[in-house]
Amino acid sequence: MINKQKIYVAGPYTKGDVILNIREAVLEANTLLEYGFIPFVPHLTGFWHFLCPNNYSTWLDYDAEWLKSCRAVLRLDGESAGAELELQMAD
């Protein structure tokens, strides 16, 4: 049963291996989905960026809009200035 509560998944993207970071975020999001949440995975914009590059501030603005509609943030382990900024924006 989906409870329709949106959860923003924040964690490392550029620190370390980008593909492994995306994988980790998607796996965690899948677990949230199995529990009935609606996860938002900003890491997936990496594929979008590959096809249609945008500057960093565009992606931050995009993420900030999604943060406004999410009930909570799941902070993944690992160093990430971007994820820390996302936590600050969520407050």
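The face of helix H4 turned away from its buried side carries the exposed residues Ala81 and Gln88, where exposed stands for over 50% relative accessible area, buried for under 20% and partly exposed for what lies in between (1.4 Å probe, protein chains only). The structure is a predicted model, in which local features need pLDDT of at least 70 and side-chain atom pairs count only at pLDDT 80 or more, while totals for chains, interfaces and linings use all residues. Residues are numbered from 1 along each chain as its sequence is written, and side-chain values use heavy atoms, with hydrogens and water left out.

H4 spans residues 81–90, and its buried residues are Gly82, Ala83 and Glu86. Seen down the axis of H4, these buried residues fall within an arc of 95°, so they line one face of the helix; the arc is that of the directions from the helix axis to the C-beta atoms. They pack against strand E1 (6–10), helix H3 (56–69) and strand E3 (72–75), with contact taken as heavy atoms within 4.5 Å. Helices (H or I, at least four residues) and strands (E, at least two) are DSSP runs, numbered from the N terminus.

Leaving aside residues up to four places away in sequence, Glu86 touches Tyr8, Ala10, Pro42, Asp63 and Leu67.

In the loop between E3 and H4 lies Ser80, which counts as buried because its relative accessibility is 9%. With residues up to four places away in sequence again set aside, Ser80 touches Gly11, Pro12 and Arg75.

The three strands form an open sheet in the order E2-E1-E3, with parallel pairing, two strands being paired if DSSP finds at least two bridges between them. Strand E2 (38–40) and E3 stand at the edges with a single partner strand each, so one side of each is left without a neighbour in the sheet. From one strand to the next, the twist averages 30°. E1 and E3 pair in the parallel sense over four bridges, and the bridge partner of Tyr8 in E3 is Val73.

Two helices lie across E1, E2 and E3: helix H1 (residues 18–34), running at about 160° to E1, and H3, running at about 140° to E1. For these angles, axes are lines fitted to C-alpha atoms, for helices over the stretch in contact, and values run from 0 to 180 degrees between N-to-C directions.
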